[in-house]
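Dear colleague,

Please find below the structure that I am handing over to you. My notes on what was found in it follow directly after.

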Amino acid sequence: MAQRSSLLARTISTLIILILILVAIAVVTKLLGSRPFERTVVEMFIRVMLVVGIYIFVGNSGVISFGHMGFMCIGAYAAAWFTIPAVMKQVSLPGLPNFLINTQLPIFLSAFLAGLLAALFALIVGRILMRLSGIAASIATFAMLAVINVVYSNWDSVTGGTGSIVGIPFYTGIWTALGGAILVVIIAYLYQISRSGLALRAGRDEATAAAASGVNIVRERLIAFVISAFVIGVAGALYGHFLGVVNPDAFYLGVTFITLSMLVVGGMNSLSGAVMGVIVISGIIQLLRWLEKGVDLGGTTLAIPNGLQEITIGLVMIVILMFRPSGLTRNREITWRFKGATKPSE
Amino acid sequence: MSRLKALGLAATFGALISGPALADDIVVGFATAESGFMQAYDKPAQDAALIRIDEINKAGGLLGRQIKVVTADTKTDRAEGAKAGLEVLDKGAELVIVSCDYDFGAPAALAAEAAGKVSFFLCAESIKAGIPGVGPHSFSSSVLAAVQGATMAEWAYNKKNARKFYRLLDTWTVYNKGICDGFDWQLPRLKDAELVGSDTFKNEDASIASQISRIKALPQEPDAIMLCTMMPGAVSAIKQIRAAGIKAPILNGSGVDGSYWLSAVPDLSNFFVPAQGSIYGDDPNPKVNEFNKKYKEVTGGDPSSQYVYPGYVLIDVWSKAVERAKSLDADAVVAELEKMKDEPTLFGPRTFTSEIHHQNKGRYLIIETTNGKPAVVDEWTISEAIPVADLLKQ
Amino acid sequence: MTALLQILFDALSLGSLYALGALGIALIFGVMRLVNFAHGDYIAFCVFALLWPSIDAAAIVFAGNLPTIILIPLILAIGAGLSVLSEILVFRRFRNANPATMMIASFALGYVLKNFLLMLFSSRPKSIDLWSNLSQQVEIAGARIPLLQVITITITIVILIALTAFLKRTRFGLEMRAAAENFTMARMLGVKANRVIMLAFAISGMLAAAIGLILATQSGTVDIQMGMSVMLVAFIATVIGGLGSLPGAVIAGFLIGGASVLMQVILPLEARPFRDAFVYGAVIACLIWRPQGLLAPKSAKQRV
């Protein structure tokens, strides 16, 4: 117990710094930003939730997962089922069971239930998948994502098929998204200093030694898998309330790769890496988009051609990884002592 | 010479977009894709819309005021789409024109709806692009996908004497499903017509060999194959069907209109597409052919498919509604739009009601491709509008 | 019987594509533990090389008009060149990085390639008429098979035999197999790492080009996305086959192709849209059954 509290004392600064950074971004945006810019920041906070959610599993276990956006899909659709007005559901989603058609829950309760549904699904699937490790586990999670995508794209009466479903109330603004991001960062932090989190990290770094010390890697992995599924399910729900439409296509390969890239570019074995990866990549993308629209330089507008933004961001990612193969944070946590950052969760 | 002219007209567009906005100008905002996947589909219709705006401005403007265009790029991304919608609204847009596809256009349209402004989809053909999927101020100027399927079924039944139909659905998009839904709605209304078989595939399938084997296993070749798909998978499917020696007429949605892909299937014949207007220079309405010429002068190329036309139609019907309402007030404009019944446009009549802001019945040209040459062969309007209740169920 | 033969041919021709793709991915994985997500974009790049850059709807066929005898080597060379170039410019610097970093780097490279093509050609799929006389049918034991299917299957078998001979009979091949089995050990025994890796990339690029040519001929389409689905299945096949095992990758490629065709045939109409869910379900089952893959090379076994 004493050890735990000293661990807490040594690492809490990371949590505080990360939260302060997020709050600072939100406050500055609120003071200075335009409406479209505010939406960019909201989207970024949701991405923080997603990437930190992936980190809870991937960072702690060392197993790359391609499947986590499946939980986002489950969460977003669950939020749609819980919050769309009954009249609209009868028409657009007639296959839903009656009790679902007739319920319309408050947004926070619905988001919580959406997370639970994703977690439940993860618990069931994870019992099978978590037995695998390495690349086989990665492929299995990808197969899981593909199955979720195919089912949600074709089960027309319950999900509306490949089309978007609408009628989800707009809710997620900058403060909700900030709250979500902070909450997720806290969850991730608490998990990684928990007994299970430490055991899983031990298993990641030294599988044999950890197993010999009585760590049940499969069980710890399952715990991380379920927690991360819950977090991403909630993020999916908030995303639905942010965009007002959900569509299976939005939760497939595109978002899988962008979130994984953010995680790896930031540094996949540290919480700071997950958060900073999102902030840095989102920042660069936004900068390039401004350039694409054109910048006024003493009367002449300088603009880069449309489409160059995507090419540049790809190149920037390659270059960052070339020089920092373990990510911008070098897999370490940010602490008060900026010079000599400590290793994660030591 | 035409290149020079094109440059000149392009300059006019440039002025339309970047010229200084006067307080008196009416602002029309395009929240469409200028990059990414949807760009190739948004740009042609947007150019057509700009042509109509230019015509209106040259003729003295709308309510005596000039129309000024502002744009924002959705980057073919849903979240960016919502931002683009806000951006043009912040620039004072009275009308927000959004991406061609319902899924990509909806976020921007929802932003316009929340701001109480009228929004138009460039060419969306889903029932959701309008009241059910956005709200009471949202419209689409194209014709529903279901009407295309229903039109082809009824036309083939009457003019090609087709009785035994086969249905092949690509499950990729709502548009594809929409065509087949319209076909399914129409078929039971045709006496003695029967469905001899049905199958699905995926647009990205590298090979549809097993689907073709199933058609070939039928005791006799069907009278017509209803093919509900779109680019790029359509070309592959058509090519493979013909390569397998199946010669039955193929009925399609408008998504495969255009001659740009025909080189992939040399000497394609017995192939039918519904279109709102002909891009092949043989439209029964000479004004359409004039428009095609104008489009070429402005953009430097012929229209690539009929999906250019809805852009022109939308500015046309919106500006008429504004003139009739004598106001830009969204509710007043919507009320005038909803009074339109068989309103003539260059590309077929348009009807809007308080129940549906889309066309559930429409005049289509039937384009037949023979030996790789498409040409208008007929014109068809389904005998009965598809009821809104049926459309929503699908 | 005829129907059965038809199914067999359908399965073989789809499986051939997947097998060629899996082989391309397995080769690279074997020598440098890299899962190359840019492979699908190599395929698209090679197909676009047939055209002249233009964002018009109608394709301007350029290289595609060359006589076959020049066209095929040219496209294969482009595939090999692109692949080797990406090794020199990008992947070489990631030799010691962990697999996740390499994977993301390859994805970023693919993203750059894709958007580069998008800028040059726009997203609208283009059409091309490549060897359309291959679309005619031949009759084999009562089943009517498109000539292209026969050729695809034949080409795949020829490539497999040639590659096997190359790997088994030549010094390069021996070095490559040694490197795939145990790279560090091979280097210590005098295998030149750069040469082997470049060779693997070159062959992998040529395989991508071959897939591109087959896809373009079969579909008549040139599309940004066209390598994507083959690449994903090939990637899965590589893992199911046993990472690093070339025969395993090929067998798994054919198995997935076969499963896909079989599902399309036996599933009832209502379930057919869910076909891929069944295929991927089978993938998960297969992984649980044999986590190391069907034919796992000895080096892939975990020592725990």
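Chain B and chain A bury about 2,400 Å² between them, and 51% of this area lies on carbon and sulfur atoms. Please keep in mind while reading that this is a predicted model. Of the area that chain B buries against chain A, 24% is supplied by Lys75(B), Arg78(B) and Lys83(B), more than by any other three residues. In terms of contacts, 28 residues of chain B meet 31 residues of chain A.

Charged pairs are found across this interface. The rule finds seven salt bridges between chain B and chain A. One salt bridge is formed by the side chains of Asp90(B) and Arg35(A), at 2.5 Å from N to O. The interface of chain B and chain A also has eleven residue pairs in polar contact, both residues being at pLDDT 80 or more.

On the side of chain B that touches chain A, the elements giving two or more residues are helix H3 (78-90), helix H4 (102-114) and helix H6 (174-186) of chain B. H3(B) gives the most to this side, with nine residues. By type, the residues on the side of chain B that touches chain A are twelve nonpolar, four polar and twelve charged.

A further salt bridge links Lys177(B) and Asp156(A), whose closest N and O atoms are 3.4 Å apart. This pair joins two chains, because Lys177(B) lies in helix H6 of chain B and Asp156(A) in helix H8 (residues 156-159) of chain A. Over all chains, the structure holds 41 salt bridges.

The interface of chain A and chain C is described next. How much area is buried between chain A and chain C? The value is about 3,400 Å², of which carbon and sulfur atoms give 88%. The count of salt bridges between chain A and chain C is zero, and the rule finds two residue pairs in polar contact across this interface, both residues at pLDDT 80 or more. On the side of chain A that touches chain C, two or more residues come from each of helix H6 (107-129), helix H7 (134-154), helix H13 (253-266) and helix H15 (308-323) of chain A. H7(A) provides the largest share of that side, twelve residues. The residues on the side of chain A that touches chain C divide into 32 nonpolar, seven polar and two charged. The contact takes 41 residues from chain A and 39 residues from chain C.

Within chain B, two helices named above also pack against each other. The axes of H3(B) and H4(B) come within 7 Å and cross at roughly 35°, and the crossing is right-handed. H3(B) contributes Arg78(B), Gly81(B), Ala82(B), Gly85(B), Leu86(B) and Leu89(B) to the contact, while H4(B) contributes Asp103(B), Phe104(B), Pro107(B), Ala108(B), Ala111(B) and Ala112(B). Eight of the residues in this contact are nonpolar, two are polar and two are charged.

Finally, two points concern the backbone of chain B. Met231(B) and Pro232(B) are joined by a cis peptide bond, with omega about -5°. Pro232(B) lies in the loop between strand E8 (224-228) and helix H8 (233-243) of chain B. Asp192(B), a residue other than glycine, has a positive phi, near 70°. Asp192(B) is found in the loop between H6 and strand E7 (194-201) of chain B.

With kind regards

Note on methods:
Residues are numbered from 1 along each chain as its sequence is written. Chains are lettered from A and ligands numbered from 1 in the order in which they are written. Side-chain values use heavy atoms; hydrogens and water are left out. Contact means heavy atoms within 4.5 Å. Buried area is the accessible area (1.4 Å probe) that two parts lose on being put together, summed over both. A salt bridge is a side-chain nitrogen of Lys or Arg within 4 Å of a carboxyl oxygen of Asp or Glu. A polar contact is a pair of N or O atoms within 3.5 Å; within protein, one must be able to donate a hydrogen and the other to accept it, and residues adjacent in sequence count only if both atoms are side-chain atoms. Helices (H or I, at least four residues) and strands (E, at least two) are DSSP runs, numbered from the N terminus. Ala, Val, Leu, Ile, Met, Phe, Trp, Tyr, Cys and Pro count as nonpolar, Asp, Glu, Lys and Arg as charged, and the others, Gly among them, as polar. Axes are lines fitted to C-alpha atoms, for helices over the stretch in contact, and angles run from 0 to 180 degrees between N-to-C directions. A crossing is left-handed if the near helix is turned anticlockwise from the far one by less than a right angle, and right-handed if clockwise.
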